[in-house]
Amino acid sequence: MTEAAPVATDRDAALVERVRAGDQRACARLMTWAERNDPRYAAAHRAFVGSLGTAQRIGITGPPGAGKSTLVEGLAEHWRKTEDRTIGVVAVDPTSPFTGGALLGDRVRMSRLVLDPGVFIRSMATRGVFGGLARATDDVADVLDLYGRHTVLVETVGVGQSEVDIARSCDLTLVVLHPGGGDTIQAMKAGLMEVADVYVVNKADMPGLDRLVQELYDVLELREIPEDQRPPVLTTVASNGQGVAELADAIDGMVAERRASGALDARREENLERRVRRLVDGRLRRDVWETQRLAEHLHKRLAGSGTLSAYELADEVLDVYRGAGRDQDPSSNDPSLPDTSPEDSA
Amino acid sequence: MDEPIRVLVAKPGLDGHDRGAKVVAAALRDAGMEVIYGGLHQTPDAIVQMAVQEDVDVVGLSILSGAHMTLFPKVKELLDAAGAENVLLTGGGIISPDDMAGLEKLGVGKLFGPGSRLADLVDYIRAEVGQRRTAAGSA
């Protein structure tokens, strides 16, 4: 793990410059490098990280069917119309754990944005990562920041209750719920309620609105947060635009307030720590299972040894790994696996 | 070729028969590809804009309206103009062999008519994308 840091070549630097200058195709290609774990991306990232931080990053999460994509379309449209603000959208959908394939369908609900050059939309598959985001979601948002987008909207997978990584990835997190989508206890189970900076009750024209809003207030009271710090609850009907302007203003107001108070910087620092930990976790995992080939070792040990404890075998795998670390044999490392590039987390 | 193949599946033009596009999208997903579903009634401009932003390897169009001799060349022309000439443009619909041959001369890939096997489409995409990625280097 002591390889020299990759250095961005002139050609890679040229791609970064094209992104900075607003070249759409270059922007898309740099995202692909990030998604593919291309070592050129890690090198480029070192070079451009200093110019990041201007975009405000808004995470949008919530259960399936809450209307996240439609809300993204509504917010983007609002900001485009009222102030010509440039928008980036990252829409994450799940990868099938069985086939590795994915159907990325969020664009169907964002079709009004397609022909607007002020909106750049990128669909991503989770590629085996849980938590509602893909490994490279932060990187794709970084590229949109570099590309000069004022606001980046990151929409998580809507698979249930585990999409909480978004809170550690964005400046502000919206949790979108809808009447008839099950009671709030379901959303409380796995932390979805704790990550919200703003609650959005979408489809507010559906029956059950008052009850859901009341439940939300009840939950907030239970959490013993001082009244002035409680996340606001806003209602929208994204499909016809009702409440979207108020939501957009609330988002901008909260980000501005946090920027002024220093809370935004503190949060970004926490997010960065979390991101570094994810990278380290991913690299360690890859080092154990791929570079050091401990999966093969484990398979051999497992053959015909059904009585061994999982704990015993785990200790053994780690002992072998630590041993390999002490007398590092460079030839045992596969040079085709770049260990200096961004890694995934699970 | 470890990286998933990215495919944009879209329906240009005015016909609303999207069952074929959905069947193909599901089949490509099950073959391990990342399928961006672009939806119905897309203009050639919108299709190319999506293809560029998503940096896809393949654009697959389903055209049942009879307008394939207009739509495929237009999308191909716009892809080339956008610097995405390396993207494989393929698709299906009710298209005569003569028209298929004519479109191939314009740089459109193999097209799949009624009764085609999904496995053939999957194999064709894998082979074509493999070649194109190799030719383009690791980029």
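**Strands across the chains**

Modeller: Three bridges link β3(A) with strand β2 (residues 34-42) of chain B, and the two run parallel. Strands here are DSSP runs of E, at least two residues, helices are runs of H or I, at least four residues, and both are numbered from the N terminus. Two strands pair if DSSP finds at least two bridges between them.

Biologist: Before I go on, how are things numbered, and is this predicted or experimental?

Modeller: This is a predicted model, where local features need pLDDT of at least 70 and side-chain atom pairs count only at pLDDT 80 or more, while totals for chains, interfaces and linings use all residues. Residues are numbered from 1 along each chain as its sequence is written, and chains are lettered from A and ligands numbered from 1 in the order in which they are written.

Biologist: OK. Which residue in β2(B) is the bridge partner of Leu103(A)?

Modeller: Val35(B) is the bridge partner of Leu103(A).

Biologist: And how many residues does the contact take from each chain?

Modeller: 25 residues from chain A and 25 residues from chain B. In contact means that the C-beta atoms of two residues, placed from the backbone, lie within 7 Å. On the chain A side, α2 (24-35), β3 (102-104) and β4 (119-125) each give two or more residues. α2(A) gives the most, with six residues.

Biologist: Switching topic: what domains does chain A have?

Modeller: The assignment gives domain 1 (1-51), domain 2 (53-261) and domain 3 (271-332); such bounds come from an automatic or database domain assignment. In chain A, 12 residues of domain 1 are in contact with 10 residues of domain 2. α2(A) gives the most to the domain 1 side of that contact, with six residues.

Biologist: Last one: why does Val198(A) count as partly exposed?

Modeller: Because Val198(A) has 19 C-beta neighbours inside 10 Å. Buried takes 20 or more other C-beta atoms within 10 Å of a residue's own, exposed is 12 or fewer, and partly exposed is in between, with C-beta atoms placed from the backbone. Val198(A) sits in strand β7 (residues 198-201) of chain A.
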